[in-house]
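Okay, thanks for coming, everyone.

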Amino acid sequence: MRARAAGIAVSLASAVLSGPARAGENEVLFTDATRSAGLDFRHWNGMSGHLYYPEVVGAGAALFDYDNDGDLDLYLVQGNLLGNEGDRTSATTPWTGDWPPRDRLYRNDLEPSDGDAAVRFVDVTEESGIAATGYGMGVVAADLDNDGWVDLYVLNLGANQFWRNEGDGTFSDRTEASGTGDPRWSVAAAAADYDGDLDLDLFVVNYLNFSLATHKTCLTERGEVDYCLPSAYQPAPDALLVNDGSGRFEDATVAAGLAAARPGNGLGILAADLDGDRRLDFYVANDLMPNHLWLNRGNGELVEDGLISGAALNADGEAEASMGVAAGDYDGDGDPDLFLTHFHRETNTLYRNDSQPGSAQFRDRTNATDLGRPSWDATAFGTAFVDLDNDGWLDLAAVNGAVTFAAGRPRTKDDPFPLDQPNQAFLNVAGDAGGRRFEPAAAGLLDGETPFVSRGLAAGDVDNDGDTDLVITNNNGPARLLLNQTGTEGDWIGVAPVLGAARGRRPASGVTVRVHRAGAPPLVRLAGGGGSYASWGDPRVTVPAGGPKVDRIEVQWTDGTTEEWPAPQPRAYTSLVRGSGERSGEQEDDAPP
Amino acid sequence: MTKPLRLQDGALILALLAQFAVAGLHAQDAATPTLVPVPEVDLRGVDEAVRDQIDQQRGLLEEALARGTETDADAEQLGLLFGDAGQLYLVYDLLPAARACLTNAAALQPRNFRWRYLLGSAAEHLGEFEEAVEAYDLARTLRPDDPATAIRLGRVHLELGRYEEARGHYQHALALPGSAAAAHFGLGRVAFETEDPTTALRHFQTALREQPRADSLHYHIALAHRALGDDAAMRAAMELRGDAPVAFADPIAAEIKESATGIGAQLLLGRVALAANAFETAEERFREAVRDYPESAAAKRSLAAALEGMGRRAEAAMWYQEALNLNPNDVGLLFRTGLLYNSEGRYQAAAERLRRAVEIEPSFGPGWVELARSLGETGDHLEAAEALTRALELAPDDRNLRFHRASNYRLGDRRELALREFESLLADFGFDREIVLLLGRIEQELGRPASAARRFEQLVEAGAEPPLLSQAHFELGNIRTRQERYEEALPHYQRAIAANPTLKEAYFNLGTALGRLGMFTEAALAARRALELDPGDSRARAAEVTALLLAGEDARVRLMLEQTLELPDQGGSGFFAVLLAEVLAASEDDSVRDGAMALNLARDLFQRAQTPAHGAVVALAYAETGDFEQAVAWQQRLIDNLERAGAGAALPDARERLAAYQAGRPIRAPWRR
């Protein structure tokens, strides 16, 4: 007892000195590098007291290497004013920047510092030419036109935008030419190779049929005016846009079978081979409606298999208010499991993947892994499977913020948006009978963190030190950069699966990376493919290499082929270019088209 | 000591409660509960009707807190108000405040199932599953067979990943009414979570058979088929999937939903009026509620309470019964109805309701106590004692319950048990004069006069208060009288009278003892004192006239008897008439005797009741008139009847009289024999 008390005292003292979060008594997870990195973005939702529904939904961020300099730059999505003919004085919280508000692009100028690299974000929005002034929601960062430069696809309340990376630090609006300007309320999308032709298609997730004309005033059971629940509006159908390889897209929604399913209130999406058949599937997180699992049949057809597979409803058989989604092999059995974030008084939900190739099957293991109770009070949005403590097991991060005052606090003149909630980290630890379970980190993600109304979470190694850092977006609040402090303590291996192209190397999306180790099961990680909420993370993969010796790296590409490479040099990122590795023979013959 | 609470600025600053211990609680709980602070609820922006409803409830609570809790009744009332407030907060999803109020309600009324159950519900909604388990567990100790509690406990344990515990609760729920489907569903969930799809499938299918409308079960059936590898069955089941959940009987949850509607406000207004003793206004409100919501048991119960408060018990009983018809298993209603019936003397009806209440909630102590009262009043003392035993299992240290059980043992002819119970009370709680007195009486009833006398003497030596001292001497006098130690009895009766001059029985028994000692004039005087204390006491009157006759005051006796027989509704008039006839026929005082009058009276009496005593008086009167032939005939018939009846003890006197009549000799002053 005494020792425990002493341990806590030491922990608190450390926290005061250095400001890091601690998972347990000794483990430092993150430091807040927002200010030191020069990240000065503040989201503005333009709320004006009318409680327009989009105000509370919030926006995301993308981590991507727009200038191909080997580090992650940052794109942040901005809100705007709704209604009132652009009269910004009608907003509850004033807009202090240049009008109109716009999304921001920050270039990462990593600077050497005491043997490490210090992150320095420089706002390059103006010179980039990006003029994203819509009411922004989400963003995808992917090389959509196969030119070796990562483009941006911005999801809006209103027409989405395709910002083509010109390779010279600038972007051009290619929305119209690309055919990607979906005018509905889109929140998230996955850029992934749905048809196995190695270019990136777009699965666009639309939320609700909302407009100022259809705005509703909603009341709680106490008669208080509050933000509506999604059930107040009709769901907006999702869309599948197929890339012709040049960045021009055809709408394949009907042809692929998406119209066969009842539309959902989509907020989150990821692309991964979820049923083990080496074809890229899609999982859509729907708000208060059954989630969709679109299984890829390999012939252009997507079949909605959520209910059948057990991944649409929780163990009670109920549809939950899914906001964000993450995929990761939490139990080390080689297949990606699913984690969904939810409304308060719902648990976040963990679906264990029990699929056999071609036969998806998921089981709600939330209670069995102790993930239920800790998330009961929170309304969670952005999420990611991340090895937060670099122990080789995938942990979970979830960022939270209420969507109704009933779930937060009553609003006042001085506190007009009191929806803030603490963010959370769940550490993957050994459970009973060889299973795994999760323990909430005592301090959340960051000890002493000021809670905001968090929404987006983009995970990636921002300082290239081998661990995974986090960018958190906050609705009507500042974006935050949390730098992970665990990676530099041991060896690590980083790989970037890329597709070769005449015009450059393109980050792959939705591929599966298996890190084979001597005498130990492989570590399985997903590269790209989206996930979280309205955000896009690092397409690279990093794993700790301090334990069992890494023999080789295997990548399963989206066309179903696999290749292997010898273990790369530790403490650096190595590009694994498709075609440069050794093909895995056992899968060549039956690789799907 | 009353502990008023001051509330800051008119707001309900219940944080003060943190240090607030309820002074009046002592009957069943040794430790006084400390109440928890209630988080302040921000009602800005809340609908006016809702705010009014909450404000009024808070107002009632504030007033009760300001009054403090001097007595158990105060604490009881405060508990009810906290419970009502908790319910209201729960209905309006103000969960932290609901939890605090219900915590306090449960602390103040630890035997109230409802508060425990709702506290569990509030904690469950808050995600405080451990606290929910604790509350539901406590609720379960109060109502072990409540289906909703069992189902909810199973569900919370399932949320906590405690599958064995969840399984246990669901299995318990299987046998309970209205919960089989939910229990099978829960067992299926547990089986599925523990990787046993075969068992899961069986339970899901059984649940569906139990509750076919719960078509959401098809989803679970489908997943179980899937886990078992039967894709065809899985797809077939998935096709049938609907949204109707598995329901279970949860009357409390259903009832409190009313609170959020108009009826809640209406009832609240009524309760406000009731709290202010404005019964007529309350009645009006509740009648409106009954009219508007005829299916609301709460409205009818509230109306009944208002009517009961106005003393209109018959109407109240009717409305309680109406409410019971809607909600036949409402323990509170059954109890209230039982109380009312008991107070009206309808003990059988009361016992019926109270027995149902404790069958539903075996840990409902007040129910057992009130049932014991009903049973005791109907003479079922041993059943009453059994009911008190059940109450004592819940409150083993309750002296009053043990006392009443001992009393019932005594009245139920289990005097040895009574003796032991009373003695253990003396051992546990120290010397108690009332109990010593009762012990003496029981010893007497058991035929142990020496032991009884020791108890009473112990009481006398202990210097009891006058009433008890009087009783002790009275009992000692009786013991001596039964032992025919009349001279020793006299001083005890006299001390009994000195200590309590209104103790009629002491005068009466003093008279008896004096009579036995041949002090007839004094005996008559003692009987006269008894008669003065109770002029309707025919025993005392009989004792007086008998003593006077024995003292030779025949003329006075004749006059007294003639006056007595003229009194209306004079109890024992048959005795006095026979005695008058005897006096008229057989007095030694010639001025008193009147044969013709005696014969008329005697024949009249015999016509009304042909008893041996009446026959003997007829014979006596014939002898006095000189008609010894008739006297002999009547006396002979009397003897024949006595012989046939085997009444041997009376025969010698009867034959002696026959001989006298045969000899032409009348009888004089037979009472002296």
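This is a predicted model: local features need pLDDT of at least 70, side-chain atom pairs count only at pLDDT 80 or more; totals for chains, interfaces and linings use all residues.

Let's start with helix H2 of chain B, residues 72–91, and helix H3 of chain B, residues 95–108. Their axes are 7 Å apart, and they pack at an angle of about 155°. Angles over 145 degrees count as roughly antiparallel, and therefore that's what we call H2(B) and H3(B). The crossing there is left-handed. Who's touching whom? On the H2(B) side you've got, among others, B:Gly79, B:Phe82, B:Gly83 and B:Gly86, and they meet a set in H3(B) including B:Cys101, B:Leu102 and B:Asn104. By class, that contact has twelve nonpolar residues, four polar and no charged ones.

Helix H27, residues 504–516, and helix H28, residues 520–533, have axes that come within 8 Å and cross at roughly 165°. So H27(B) and H28(B) are roughly antiparallel too, and their crossing is left-handed. The residues in contact include B:Lys504, B:Tyr507 and B:Phe508 from H27(B), and B:Glu522, B:Arg529 and B:Leu533 from H28(B). The class count for this one is ten nonpolar, two polar and three charged.

H28(B) has a partner on its other end of the sequence as well: helix H29 of chain B, residues 538–550. The axes of H28(B) and H29(B) come within 8 Å, crossing at roughly 160°. That makes this pair roughly antiparallel, and the crossing is left-handed. B:Phe520, B:Ala523, B:Ala527 and B:Ala530 are among the H28(B) residues that meet H29(B), and those four are also among the ones that meet H27(B). Here the classes come out as eleven nonpolar, no polar and three charged.

Now the single helix, H6 of chain B, residues 147–159. Just after H6(B), B:Gly161 takes a positive phi of about 75°.

Last, the two chains. Chain A puts 22 residues into the contact and chain B puts in 25. The chain A side divides into nine nonpolar, six polar and seven charged.

Methods: Residues are numbered from 1 along each chain as its sequence is written. Chains are lettered from A and ligands numbered from 1 in the order in which they are written. Helices (H or I, at least four residues) and strands (E, at least two) are DSSP runs, numbered from the N terminus. Axes are lines fitted to C-alpha atoms, for helices over the stretch in contact, and angles run from 0 to 180 degrees between N-to-C directions. Angles under 35 degrees count as roughly parallel, over 145 as roughly antiparallel, 65 to 115 as roughly perpendicular and the rest as oblique. A crossing is left-handed if the near helix is turned anticlockwise from the far one by less than a right angle, and right-handed if clockwise. Two residues are in contact if their C-beta atoms, placed from the backbone, lie within 7 Å. Ala, Val, Leu, Ile, Met, Phe, Trp, Tyr, Cys and Pro count as nonpolar, Asp, Glu, Lys and Arg as charged, and the others, Gly among them, as polar.
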